[in-house]
Amino acid sequence: SWTMAGFKQMEIERIRAQVGTGRVICGLSGGVDSSVAAVLIHEAIGDQLTCIFVDHGMMRAGEAEEVVRTFRNRFNIHLVHRDASDLFIGALEGVTDPEIKRKTIGRLFVEVFDEEASKLGGADFLAQGTLYPDVIESVSHTGGPSVTIKSHHNVGGLPETMRMKLVEPLRELFKDEVRVLGRELGIPEAIVGRHPFPGPGLAIRIPGDITREKLDLLRKVDTIYLEEIRTAGLYDAIWQAFAVLLPVRTVGVMGDGRTYDQACALRAVTSTDGMTAEVYPFDMGFLNRVAGRIVNEVRGINRVTYDITSKPPGTIEWE
Ligand code: XMP
């Protein structure tokens, strides 16, 4: 009968047969799919694999460090960590249109990834964490840079890395099966059970232009919100939860004084595939606690709202 342990063994054999003595490069994003693909390929071919993690500076607090630590220390995987945050944030200066944000990030991502791949002297294969739903529907989201470079982008005159042959060991699996495989491979729950995170990261959770200050402010709010969700034991019941920094200032009172600070929105939805979504029905006690902590602990935020729009007609992200 079919088991995940059996699938893993079969995929390892398949990867070895495909790759031979060739060299493989894999883009790591910190997400579930690319992490599972990387660890599986590493089990199959060891040091013939090198991972490239392009850090665009728009991850959640601590996540970039966690990815690097986990892959280097726990799995002993060769990992290039390119901190390109100055480049990305510089290029996004003054950009307010959501699609231009996505295109800018996508273009730079491919450039930086290719640069790092060239520094390694290229490779024979490019590994991707493509899932079955990506295969049947090659446009599974709004078209931004999923950190895997999707094969439908793989047309004409592209950089060297994109002319490599593809290794896609997850292409028969659904998301929940990838998580089971990840656990089978010993990947920490913090990575395997992680909510989906968009390729453009926090850039599309800051309506308006992006600055380092805004990114830092949003990270503080987001960290408190997710901490409370985990403490309440709700993380696994939610498909995605995150904060949005609103480009609006409102009046508040703090002690004897008047404040005039920024507002933020919290979002949490349930979903099975991200195509439709329902608002997560937190109780008011939970929301009060989170709002209290955010306003008290994050200087610069004095108002918290909860987004109660389902998808459709809303989207999960605000941009
Ligand atoms: P929306 O906002 O379209 O999001 O309801 C559906 C799912 O897709 C994710 N998302 C993206 N993922 N690049 C990505 O890799 C993107 O540009 C992008 N935009 C949205 C979103 O987080 C949700 O899981």
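Leaving aside its neighbours within four places in sequence, which residues is Arg249 in contact with? I put this to a predicted model, and I found Tyr260, Asp261 and Gln262 as the contacts of Arg249.

I then looked up where this arginine sits, and found Arg249 in strand β6, which runs over residues 240-254. The C-alpha atoms of Arg249 and Asp261 are separated by 4.9 Å, although the two residues are 12 residues apart along the chain.

Next I turned to the core. The largest nonpolar core has 75 residues, and Val24, Cys26, Ile41, Cys51 and Val221 are those with the most contacts inside it. Helix α2, residues 32-45, gives the most to this core, with nine residues. I also noted that this core lies between domain 1 (4-192) and domain 2 (211-306), because both give residues to it.

Last, I looked at the chain as a whole. I recorded 10 helices and nine strands, and buried residues making up 37% of the 319 residues. Of the contacts with a separation of 6 or more, 75% join residues 24 or more positions apart. The C-alpha trace spans about 70 × 45 × 40 Å along its principal axes, and the radius of gyration of 20 Å agrees with the value near 20 Å for a compact globule with 319 residues.

Terms used:
Residues are numbered from 1 along each chain as its sequence is written. This is a predicted model: local features need pLDDT of at least 70, side-chain atom pairs count only at pLDDT 80 or more; totals for chains, interfaces and linings use all residues. A nonpolar core is a set of buried Ala, Val, Leu, Ile, Met, Phe, Trp, Tyr and Cys residues joined through C-beta atoms within 7 Å. A residue is buried if 20 or more other C-beta atoms lie within 10 Å of its own, exposed if 12 or fewer, and partly exposed in between; C-beta atoms are placed from the backbone. Helices (H or I, at least four residues) and strands (E, at least two) are DSSP runs, numbered from the N terminus. Domain bounds come from an automatic or database domain assignment. The radius of gyration is taken over C-alpha atoms; the globule rule is 2.2 Å times the number of residues to the power 0.38. Two residues are in contact if their C-beta atoms, placed from the backbone, lie within 7 Å.
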